[in-house]
Amino acid sequence: MSLDIVVVGCGGHGREVLGIVRAVNAAAQSGPVWRVRGFVDDSPSEVNLKRVQRLEVPYLGGTARLGEQPAGTHLAMGIGDPTARRSVDQRLAAYRLPAAVLVHPDATVGPDTVYGEGLIVFPGARVTTNVTLGRHVHLNQNSAVAHDCEVGDHVSVNPLAAVSGDCHLGDGVLIGAGAVVLQRLRVGTGATVGAGACVVRDVPAGTVVKGVPAR
């Protein structure tokens, strides 16, 4: 039995999320897991609409169209920026639609991982043991989250970034592509770690750090 799913966001991140949905379906041994109803986006560009069309998936319209979907339709949040993802998540709560958990077949998630609704794990991402992941966490391509980490809601760990063991990432944190967070550090709520940075000390909430070492 397949479940209905709608991807929120027609941009590149949303189309990558569609790729994960299709990979999950292709790997399923007892038939497709998800039946894709289409994309919703309140302000898609003409370029992205054409790119969605090439994927042969319909653009349904703005997010108000979610109110017309069958009961039990799942959402896949195809929004890369943590702040925007949190805002859209809060706004769409009125529709009372569940958020899908999507793990690409080429990713690994430890069996003792605890995760919230809406987790999306991209190809090549690795989550080891005793990790807690919040609501709508996105672990992008070839990223890694090591043992005993706690990751808050709406966090993005971008491609090739690595979070070492015993770290705590607050809600809405963005870890940029190729960045490294060393062991037992805390990155505060809403903080951003720039691409390629190496975090060697705690990062206060709401700050942006970059460089090696990150400042």
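Glu117 is partly exposed, with a relative accessible area of 32%; buried means under 20%, exposed over 50% and partly exposed in between (1.4 Å probe, protein chains only). The structure is a predicted model, in which local features need pLDDT of at least 70, side-chain atom pairs count only at pLDDT 80 or more, and totals for chains, interfaces and linings use all residues. Residues are numbered from 1 along each chain as its sequence is written, and side-chain values use heavy atoms, with hydrogens and water left out.

Six salt bridges are found in the whole structure, each being a side-chain nitrogen of Lys or Arg within 4 Å of a carboxyl oxygen of Asp or Glu. The table shows some of them, including the pair that involves Glu117.

| Salt bridge | Closest N to O |
|---|---|
| Arg135 and Glu117 | 2.6 Å |
| Arg65 and Glu68 | 2.7 Å |

Arg135 is partly exposed at 27% relative accessible area, whereas Asp89 is buried at 8%. Arg65 is partly exposed at 34%, and Glu68 is exposed at 53%.

Asp89 belongs to helix H3 (residues 82-92), where Pro82, Arg85, Val88 and Leu92 are also buried; helices (H or I, at least four residues) and strands (E, at least two) are DSSP runs numbered from the N terminus.
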